[in-house]
Amino acid sequence: DKPTNKMAIAVEIISDVVCPWCWIGKKRLDLAIERLKDEFTFTVTWKPFLLQLIHNVPDRGIPLKDYLWQKYGKDYAEDTFSANSTVNRSAAEVGIVFSNARLMLPTKKAHMLLGHASKHGKQHVLLEAIFRAYHCSARNINDDSDRRERGSGPLWSSRSPTQL
C-alpha cells in the first residue's frame, strides 16, 4: 500500500444479524463510505450484540411475527410485516426486501463466524452475506444442517471466511 494523506476513521458497530435496522444502517454506512472514500480511509469493526439472549429465544427459533406479537403486541407485529411499515420503507430505500418467513433465531454461531472472519479482513463482506441470507432468504443461520443442505451462496459454501 502506498502512503496516503487521507484522514483515517475507525467505526465500531455493535449489532445483531437478526436486527433489520442493523442491516439498513450497514447499507447506509456503505453508501457514506463510498461517497467519502477519496477523502478518508475507513476501518469498520462489527461487535456482537445477542438480541436472543435477552429475549430467551430457543435454538430452533420462533416465527418472527409470533415473536414480535408476544413481545410488542399484535398491532406492532402486523404493522412490521406490512409493506408500508417504516422498517420496510427504509429497507426499500437501500435495496432490501425482507422475507416474511424469517424466524427469530439465536445468533451466537453467526457472531463466532464473524469474529473469525475479522481476523482475515473479511468481516464486512461476510456480514453482508449473513444479513442477506437471513433477512431476504429466511435461511436459518443457526442450523448447521440448513447451511450444509443449501450449499449455495457465499455464506453456505464450504469456503472459509478467508476465501470470500
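Predicted model: local features only at pLDDT ≥ 70, side-chain atom pairs only at ≥ 80, totals over all residues.
Residues are numbered from 1 along each chain as its sequence is written, and side-chain values use heavy atoms, with hydrogens and water left out. Helices (H or I, at least four residues) and strands (E, at least two) are DSSP runs, numbered from the N terminus.

**The largest pocket**

Select Pro-20, Trp-21, Leu-68, Tyr-72 and Tyr-76, which of the 19 lining residues are the closest to the centre of the largest pocket. Its volume is about 340 Å³, and H1, helix H2 (51-55), H3, H4 and H5 each give two or more residues to the lining. On a 1 Å grid over the protein atoms alone, a pocket is an open set of points with protein on both sides within 12 Å along at least five of seven lines, a cavity is a set of points where a 1.4 Å probe fits but cannot get out, and lining residues have an atom within 4 Å of a point. Grid points are joined across faces, edges and corners, and a volume is the space filled by probe spheres set on the points. The pocket lining divides into 12 nonpolar, 5 polar and 2 charged residues (Ala, Val, Leu, Ile, Met, Phe, Trp, Tyr, Cys and Pro count as nonpolar, Asp, Glu, Lys and Arg as charged, and the others, Gly among them, as polar).

**Two tyrosines**

Keep Tyr-72 and Tyr-76 on screen: their ring centres are 4.8 Å apart and their planes stand at 50 degrees, so the pair is tilted. Rings of Phe, Tyr and Trp (its six-membered ring) pair if their centres lie within 6.5 Å, with planes under 30 degrees apart counted as stacked, over 60 as edge-to-face and the rest as tilted. Tyr-72 is partly exposed at 47% relative accessible area, and Tyr-76 is partly exposed at 40% (buried means under 20%, exposed over 50%, partly exposed in between, with a 1.4 Å probe and protein chains only). The structure holds 4 aromatic pairs, and ring pairs also link Trp-23, Phe-98 and Phe-131 into a cluster.

**The core around Val-17**

Next, select Val-17 and Ile-141, the residues with the most contacts inside the largest nonpolar core, which has 34 residues. Such a core is a set of buried Ala, Val, Leu, Ile, Met, Phe, Trp, Tyr and Cys residues joined through side-chain atoms within 4.5 Å. Beyond residues up to four places away in sequence, Val-17 touches, among others, Ala-110, Leu-114, Ile-130, Phe-131 and Ile-141 (contact means heavy atoms within 4.5 Å).

**The cavities**

A search of the whole structure finds 2 cavities of 30 Å³ or more. For the largest cavity, which holds about 50 Å³ of space, select Pro-20, Leu-64, Thr-80, Val-87, Asn-88, Phe-98, Asn-100 and Arg-102.

**Two loop residues**

Ser-85 sits in the loop between helix H4 (74-81) and helix H5 (86-93), counts as buried at 2% relative accessibility, and touches Asp-79 and Thr-80, residues up to four places away in sequence not being counted. Finally, Pro-58, in the loop between H2 and strand S3 (62-63), is 47 residues from Leu-105 in sequence and 7.3 Å from Leu-105 in space, C-alpha to C-alpha.
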